[in-house]
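Here are my notes on this model, as numbered points. Please read them with the structure open.

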Amino acid sequence: MSLRLLLVAAFAAVLFPSLPASSSAAAPAALGINYGQVADNLPPPQAAAVLLRALNATRVKLYDANARILTAFAGTGTDFTVGVPDNLLPRLATDPSAAASWVRANILPHVPSTTITAVTVGNEVLTGTDPTMLRSLLPAMESLHAALAACNLTSRVSVTTAHSLAVLSSSFPPSAAAFRREVLPYMSPLLGFLAKTGAPFLVNAYPYFAYKADPDQVDLSYVLFEAAGVVDPATGLRYGNMLHAQVDAVRAAISRANYGKGVEIMVSETGWPSRGDDDEAGATPENAARYNGNLMRMVAEGKGTPAAPAEPLVVYVFALFNEDQKPGPASERHYGLFKPDGTPAYDVGVKAPAISGWKGSGNGNGTSGGTGLVVAQGPGGADGVGPGTGYYTVSAATANKVKRRRRQCVESLLVAATVLAMVSGLCWP
């Protein structure tokens with residue numbers, strides 16, 4: 001067994017040297033997008049890739065480990081977070097072989113050609129009421145971490161989970177925030193795991209919910225990043241938007257739980273619906289455009305929160321597409337930046353390329369009519385200087401280069417996988 005372990009470590013070092021480290025603290029600011037799939041009319045992943053490129057989004061978060069999507073993005077350099085559904089947690093928590101099987105089936109077939117840097121275990125589990133799920137969360141995370149360690153992947157793929165703001169007993173002023181008393185028995189050891197493994201704390205933060213609940217009292221300009229702001233009386237820090245206040249409330253709660261310095265905070269979901277029911281105040285295309293447009297500019301500028309201004313805040317916008325099969329109020333089906341046909345749900349300042357050749361639920365041929373992909377670009381020109389137009393075109397030559405890189409990565413992976421399969425009983429049966 002010791003020889004096998006040495007061989008696995010040696011070949012894994014060859015197989016995964018170019019993957020980025022799981023911690024994004026040293027990574028440049030980049031826009032993240034949640035790629036939900038609760039719909040029956042979405043285009044195939046190749047079309048989604050075009051739209052993500054138009055947004056200049058280099059991080060994608062899935063709620064599963066969809067093999068079709070991960071394969072389609074091989075060789076693109078897109079940073080993926082994949083998800084383990086809630087219903088698998090009890091088994092992962094009690095059966096180590098289940099975690100190893102999940103890693104073999106959902107991670108190993110895709111790395112390193114597709115960049116996977118995190119696995120989220122469940123979603124908002126600690127604000128649920130099922131005691132089995134509450135008890136299973138951390139053991140399931142530990143089991144997956146051990147399975148990744150057996151494949152020499154823990155320096156590349158972190159294990160974490162996403163929380164709603166309901167884990168807090170209060171959120172304003174930010175400096176006074178704390179975790180709910182009933183959550184602490186589960187949260188404290190979980191924070192210890194995150195600090196030990198270097199994984200981020202993920203929070204789903206929606207200022208829209210605060211405005212929807214009390215539109216007469218909550219300042220719309222404050223939640224849309226357009227206010228002079230409010231001041232935390234204890235720290236004197238001024239908050240020009242509610243999202244930053246929510247993130248720093250989580251930061252204060254983590255510090256109060258004595259795990260403040262070792263845990264990065266990422267916004268795993270935030271967004272604004274472009275449509276809602278009659279009683280859903282503020283759910284309009286205009287407000288969605290203002291919220292997400294201002295949010296994207298903030299991310300592009302690499303801004304941190306008032307309590308951590310030097311740490312660019314990593315944000316995942318919810319969501320790429322409107323999802324017509326989501327239950328609940330109308331707003332749930334209208335968080336998308338794009339409609340399923342690829343047209344913008346509203347104007348956020350992005351020139352979206354046509355994906356008419358990829359209509360339907362994934363039966364497109366993967367080709368488009370045009371000379372290249374229109375990609376969002378900053379205030380400079382395509383070469384980074386001059387006024388520019390805000391957009392540039394990726395030529396066919398560049399697209400072919402990406403295809404060659406993808407093919408080379410896949411070929412290397414197949415060779416390495418064959419060798420690993422022969423020498424290791426840990427990552428392959």
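1. Start with strands β5 and β8. In this predicted model, β5 (residues 158–164) pairs with β8 in the parallel sense, over three bridges. Ser-164 sits opposite Asn-204 of β8.

2. Strand β8 also pairs on with β11. Strand β11 covers residues 265–270 and runs parallel to β8, with four bridges joining the two. Here Leu-202 faces Met-266 of β11.

3. Are the side chains of β8 buried or exposed? In a regular strand, side chains alternate between the two faces of the sheet. Strand β8 spans residues 201–204, and both of its faces are covered. Phe-201 and Val-203 are buried on one side. Leu-202 and Asn-204 are buried on the other.

4. Now the whole sheet. Eight strands form a closed barrel, in the order β1-β2-β3-β4-β5-β8-β11-β12, with parallel pairing. On average, neighbouring strands are turned by 30° against each other, direction ignored.

5. Go to the β1 end of that list. Strands β1 and β2 run parallel and are joined by four bridges. Ile-33 lies opposite Val-60 in β2. Together, β1, helix α2 (residues 45–55) and β2 make a right-handed β-α-β unit.

6. How many of the five residues of β2 are buried? Four are, so this strand (residues 57–61) is largely enclosed by the rest of the structure. Three bridges link β2 to β3, again in parallel. Lys-61 has Thr-81 of β3 as its bridge partner. The path from β2 to β3 passes through helix α3 (residues 67–72), and this β-α-β crossover is right-handed.

7. Next, β3 and β4. Strand β3 (residues 79–84) and strand β4 (residues 115–123) run parallel, joined by six bridges. Thr-81 comes up again here: it stands opposite Ala-118 in β4. Helix α6 packs on the sheet and touches β3, β4 and β5. The direction of α6 makes about 155° with that of β5.

8. Helix α11 lies across β1 (31–34), β11 and β12 (315–318). Its direction is at about 160° to β12.

9. Which residues have the most contacts inside the largest nonpolar core? They are Leu-55, Ile-107, Leu-144, Phe-179, Phe-201 and Leu-320, in a core of 108 residues. Helix α6 (residues 131–150) gives the largest share, nine residues. Phe-201 is also one of the buried residues of β8.

10. Take Ile-107 as one example from the 108-residue core. Leaving aside neighbours within four places in sequence, Ile-107 is in contact with Val-82, Trp-102, Ile-116, Val-119, Leu-148 and Leu-153.

11. Last, the overall numbers. The protein chain has 12 helices and 14 strands. Of its 429 residues, 48% are buried. Among contacts between residues at least 6 apart in sequence, 69% join residues at least 24 apart. The chain exposes about 18,800 Å², and carbon and sulfur atoms supply 55% of that area.

Terms used: Residues are numbered from 1 along each chain as its sequence is written. This is a predicted model: local features need pLDDT of at least 70, side-chain atom pairs count only at pLDDT 80 or more; totals for chains, interfaces and linings use all residues. Side-chain values use heavy atoms; hydrogens and water are left out. Buried means under 20% relative accessible area, exposed over 50%, partly exposed in between (1.4 Å probe, protein chains only). Two strands pair if DSSP finds at least two bridges between them. Contact means heavy atoms within 4.5 Å. Accessible areas come from the Shrake-Rupley method with a 1.4 Å probe; for residues, only the protein chains shown count as cover. A nonpolar core is a set of buried Ala, Val, Leu, Ile, Met, Phe, Trp, Tyr and Cys residues joined through side-chain atoms within 4.5 Å. Axes are lines fitted to C-alpha atoms, for helices over the stretch in contact, and angles run from 0 to 180 degrees between N-to-C directions. A crossover is right-handed if, with the strands pointing away from the viewer, the path from the first strand over the helix to the second runs clockwise.
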